[in-house]
Amino acid sequence: MSNSQPEPFKAIPVIDLVNISSTDPVVRRGLVEEIKHACMEVGFFYVKNHGIPEEIMGATLAQMVRFFDLPLDQKMEIENKKSPNLMGYSPILSGNNDPNGEGDLQEGFEFKFEAFENAVKPQDDEGILAGANPWPKELPEFRQAAHRALELGRKLFPLFALALDLPEEFFVDKMHLSTQTKHSAALMRLLHYPPQFGEIDNRVIGIGAHTDWECFTILWQQPGIQALQVLNSSKEWIDAPSIEGTLVINLGDELARWTSNSAYADDVFTSTIHRAINRSGVRRYSIPLFFGTDYDVRLEPIPSCVSTDRPPRYEVITAGEYIKGRLQATYGH
Ligand SMILES: O=C(O)CCC(=O)C(=O)O
Ligand SMILES: [Fe+2]
């Protein structure tokens, strides 16, 4: 795949997924081209008609509010540092996504994908992120509400494959998000950002400037609150407001590594830098779902993206080693 330096983007495109299941090759190609364009120019896009009902998000939000309202000592019982895989609760300022920052002004609850049908007895006791998710016992429904959105991710993988001139099935054996979930590197994070007032020190914001680690992220933002910003190639922060009825999709480092690029060089598929600052005066909640491949998948450059003129930029590493390294860098200090 060839690439030329795109113009700095000023806005984030909105893509309509109403025809995502269409088998009409012309319709499908049209959608793939829109996605490809957004991936190469921006690395971020909104999707509408994504198939996740508003009621599910409303129920999830209610559970999140209840969880984050629990007394701190109760939340600390399931602190991520107590679990070997760093899943669980992360208190305010305990994580630091930007190496130049001094901590993220957010609290979160992170869990890895597990076989929901087999939820009583977690099966995933091997592999690089071994260990169960520490679900809060005070909120039994919390777990149920948090388990949606995977269907959409499954439908997006073939479109990314086509956008990279790969066979549609390229990712099928690399992400087992159905019954064989032991090795999936998908993670979900429930986030609460308290508001920040007055002069804001850029080293302590909601989430410092970073790229996401996995293939792509599906992000739900609480309606009506602006916080997310995306960096363009002129180093301007472009607002990514919450748009009613949409979700945000952004590419992560696994895809950037696969396409042999970095966020700081001319890109094929861009893992774009972003951050969030909550100046709204009220609390803000968001939910990123990070779609990684299976832990044991090697992140090797896709042949169409490298050549003698464009040699691979990264050492080959497995997805699990990469994610674990980033988790430790963010929370393990
Ligand atoms: O809360 C947001 O809008 C962004 C969250 C984010 O970028 C992340 O968790 O990686
Ligand atoms: Fe992010």
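**A walk through the predicted fold**

The chain has 7 helices and 12 strands, where helices (H or I, at least four residues) and strands (E, at least two) are DSSP runs numbered from the N terminus. This is a predicted model, in which local features need pLDDT of at least 70, side-chain atom pairs count only at pLDDT 80 or more, and totals for chains, interfaces and linings use all residues. Residues are numbered from 1 along each chain as its sequence is written, while chains are lettered from A and ligands numbered from 1 in the order in which they are written.

Let us begin with the interior. Of the 333 residues of the chain, 41% count as buried, that is, 20 or more other C-beta atoms, placed from the backbone, lie within 10 Å of their own.

Now turn to helix 5, residues 150-163. Its buried residues are Leu156, Phe157, Leu159, Phe160 and Ala163. They pack against helix 1 (25-41), strand 7 (216-221) and strand 10 (246-251). Just after helix 5, Asp165 takes a positive phi of about 60°.

Our last stop is ligand 1. Among the residues that surround ligand 1 are Arg189, Asp212, Leu219, His274 and Ser286, a shell defined by C-beta atoms, placed from the backbone, within 6 Å of the molecule. Strand 5 (187-193), strand 7, strand 11 (274-276) and strand 12 (284-291) each supply at least two residues of this shell.

Technical notes: The expected span of a helix is 1.5 Å times one less than its number of residues. A residue is buried if 20 or more other C-beta atoms lie within 10 Å of its own, exposed if 12 or fewer, and partly exposed in between; C-beta atoms are placed from the backbone. Two residues are in contact if their C-beta atoms, placed from the backbone, lie within 7 Å.
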